[in-house]
Amino acid sequence: MKKELPKIDEYNFPLIYKHLSNFIKIEVSKARVNSVVLGLSGGIDSAVACYLASNALGKENVTALIMPYESSSAASMDDALIVVKTLGISHYVIDITKQINEYFAKEGNSGDAEGIRIRKGNKMARERMSILYDYSYKLNSLVLGTSNKSELLLGYGTLYGDMASALNPIGDIYKTQIYQLAEHLDIPKNIITKPPSADLWAGQSDEKELGFSYETADGIMYLLIDKMYKPEVAVSLGYDEELVDKIYGKIKKSQYKRRMPLIAKVSERTINIDFRYLRDWA
Amino acid sequence: MKKNNSMKICLAQTNPKVGDLKKNIENHVEIISGAKVQGAELVVFPELSLTGYFLKDSVYDLGINIHTGESAVLKPIYKTSEDLNISVIAGFVEKDADFNFYNSSFCISKGKLINVHRKVYLPTYGMFEELRYFKPGDGFGVFDMDGVKVSVLTCEDAWHLSSSYIAVNKGAHIIIVNSASPARGITAGLNKFNSINMWEELLSVIAFYYKSYVLYVNRVGFEDGIGFSGGSCIFNPLGEMEKKLDYLEEGIVSTDINLDLLNNERFKTPLIRDENLNLTLKEIESIVNKGTIK
């Protein structure tokens, strides 16, 4: 029985690449548009999504929005621009500092520093979402999601912020596999080797914040989710009990972020409860 | 019997447009006409090829009672089949006189309906919810097509080895497996999805041990993010894959089913002749009646 997260290697990469490209191509055309718009952070996830989209739709049908805040690292901007340049796609740089600061100036910086930092991070993620959806209309393009399976499961993202999109080609691919995918896509080395960060404040680190490495977490989540093993089985296979419990707890606690809002059933046929059609229905 | 004791069959790996009967029928007619040019006598389409697969509540809108005036919608297929003197197996949502719905596949041969297979094993686990909408079929039939005995198994039917066991013992020469199998699971070092790997192993086993031709017709395309894994292929009675289509792209492939080769294989390795049906019957009766095996 296979107990390790499968590696994306030279054998399965061509198939995965084609599969994800077809996904983007087909689902975009079903929406009767030709193009996508995505937020490009300079990180590996949005770079991978961008490479996939450019391959699927052609460079002329992908637009990247680079949306820095004053604390965003200059290196992130440089890396995002390298992706834009390498692929030859169109892009816009939209600084979100002013509106974020204006809002929090009115709100006042009362409350604990940690709380403010999180609220600011969420606000930035939602501001970027709001701009992406405005450009979705403006450019007649779908918003391409860039959340990977690890962060979606851990709930390490902002609801209706970076988690919002029309299509997500990488949402079933763990962070560890994103690195492998990136290698095969020939994404610039610097983007692959730098430590993962949401870059919502200076020096932020995913793994520091989460308290574990993606590699370990992905190994555990592969057993809990893909293999549907109970936590005690993951522990019996050699994983630390405390860590398994922590990760399982995070997955459960963030389930609400992965679902549509709850609707109180009143009628005989209720949206998403017993009114059941594909999104592709139309 | 066929000329040269063989039959030319075309597998059509399509990407049905979900819920759009009209468009899918047009596409079928076009493919059937193209296959005829290549000399095909039978064209096989995937499971639910006329409707798409993850239909949910739209099953209700797509059901056709093929024995009533509702089948008029299929007229272009009947007509093409008659005009071109060709047989067609395609998947549709069947509705019966009591308003039950089935995941069915018809065989229209030279303008006449000669068989309908209602899928028996309706997967209702994981991403599948067929039993929520469909009623299971009640058997695995074998029908004659110009002297060649054919049985149709739909997707999950084939995962139950009893289905192909029944089909060959009822006389099938060819087992046609039409499916809408989602691509899932990757493995390091493997250039195909795990799901398709399981399929190819299964089909090879059925072909070799049940000494039959096995034709697998799967679809491609996406429905709400779920991609189908194509890889339609033909296994001969030696368990060898003779031809295969791409895993992810639409396409058609033709093959000659050679009954002389089947004759040869069944003579050399007479597994079907030697099958002890009475013993199997006795054992199954014992299992069904007592819930235990002696």
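Reply: Gladly, and one caution first: this is a predicted model.

Me: How many bridges join β1(B) and β14 in total, and in which sense do they pair, parallel or antiparallel?
Reply: There are eight bridges between β1(B) and β14, which spans residues 251-258 of chain B, and the pairing is antiparallel.

Me: And which way does β1(B) run against β2, parallel or antiparallel?
Reply: That pairing is parallel, with three bridges joining β1(B) to β2, residues 42-44 of chain B.

Me: What is the handedness of the β-α-β unit made with β1(B) and β2(B)?
Reply: The unit is right-handed, and its helix is α1, residues 21-37 of chain B.

Me: Is β1(B) itself mostly covered or mostly exposed?
Reply: Mostly covered, since that is how six buried residues out of the eight in β1, residues 6-13 of chain B, come out.

Me: Zooming out, what is the strand order in the sheet with β1?
Reply: The order is β5-β4-β3-β2-β1-β14 in chain B, an open sheet of six strands with mixed pairing. Its edge strands are β5, residues 112-118, and β14, each of which pairs on one side only. From one strand to the next, the twist averages 30°.

Me: What about β3 and β4, how many bridges do they have?
Reply: Nine bridges join β3, residues 87-95 of chain B, to β4, residues 101-109 of chain B, and these two strands run antiparallel. Within that pairing, Val88(B) stands opposite Ile108(B) in β4(B). Helix α3, residues 75-84 of chain B, lies across both β3 and β4, running at about 25° to β4(B).

Me: How do β8 and β9 pair, parallel or antiparallel?
Reply: They are parallel, with six bridges between β8, residues 174-179 of chain B, and β9, residues 213-218 of chain B. Asn178(B) stands opposite Val217(B) in β9(B).

Me: I want to check backbone torsions. Where is Lys211(B), and is it buried or exposed?
Reply: Lys211(B) is in the loop between α7 and β9 of chain B, and its phi is near 40°, a positive value in a residue other than glycine. It counts as buried because 23 C-beta neighbours lie inside 10 Å, and the cut-off for that class is 20 or more.

Me: And what is phi of Lys56(B) near?
Reply: Phi of Lys56(B) is near 50°, again positive in a residue other than glycine. Lys56(B) lies in the loop between β2 and α2 (59-62) of chain B, and with 17 C-beta neighbours inside 10 Å it counts as partly exposed.

Me: Back to the whole of chain B: how many helices and strands does it have?
Reply: Chain B has ten helices and 14 strands. Its radius of gyration is 19 Å, close to the 19 Å that the globule rule gives for 294 residues, so it is as compact as a globular protein of that length. Of those 294 residues, 47% count as buried. Among contacts in chain B with a separation of 6 or more, 67% come from residues 24 or more positions apart.

Me: Last topic, how many residues does each chain give to the contact between A and B?
Reply: Chain B gives 23 residues and chain A gives 20. On the side of chain B that touches chain A, the classes are ten nonpolar, eight polar and five charged residues.

Conventions: Residues are numbered from 1 along each chain as its sequence is written. Chains are lettered from A and ligands numbered from 1 in the order in which they are written. This is a predicted model: local features need pLDDT of at least 70, side-chain atom pairs count only at pLDDT 80 or more; totals for chains, interfaces and linings use all residues. Helices (H or I, at least four residues) and strands (E, at least two) are DSSP runs, numbered from the N terminus. The radius of gyration is taken over C-alpha atoms; the globule rule is 2.2 Å times the number of residues to the power 0.38. A residue is buried if 20 or more other C-beta atoms lie within 10 Å of its own, exposed if 12 or fewer, and partly exposed in between; C-beta atoms are placed from the backbone. Two residues are in contact if their C-beta atoms, placed from the backbone, lie within 7 Å. Two strands pair if DSSP finds at least two bridges between them. A crossover is right-handed if, with the strands pointing away from the viewer, the path from the first strand over the helix to the second runs clockwise. Ala, Val, Leu, Ile, Met, Phe, Trp, Tyr, Cys and Pro count as nonpolar, Asp, Glu, Lys and Arg as charged, and the others, Gly among them, as polar. Axes are lines fitted to C-alpha atoms, for helices over the stretch in contact, and angles run from 0 to 180 degrees between N-to-C directions.
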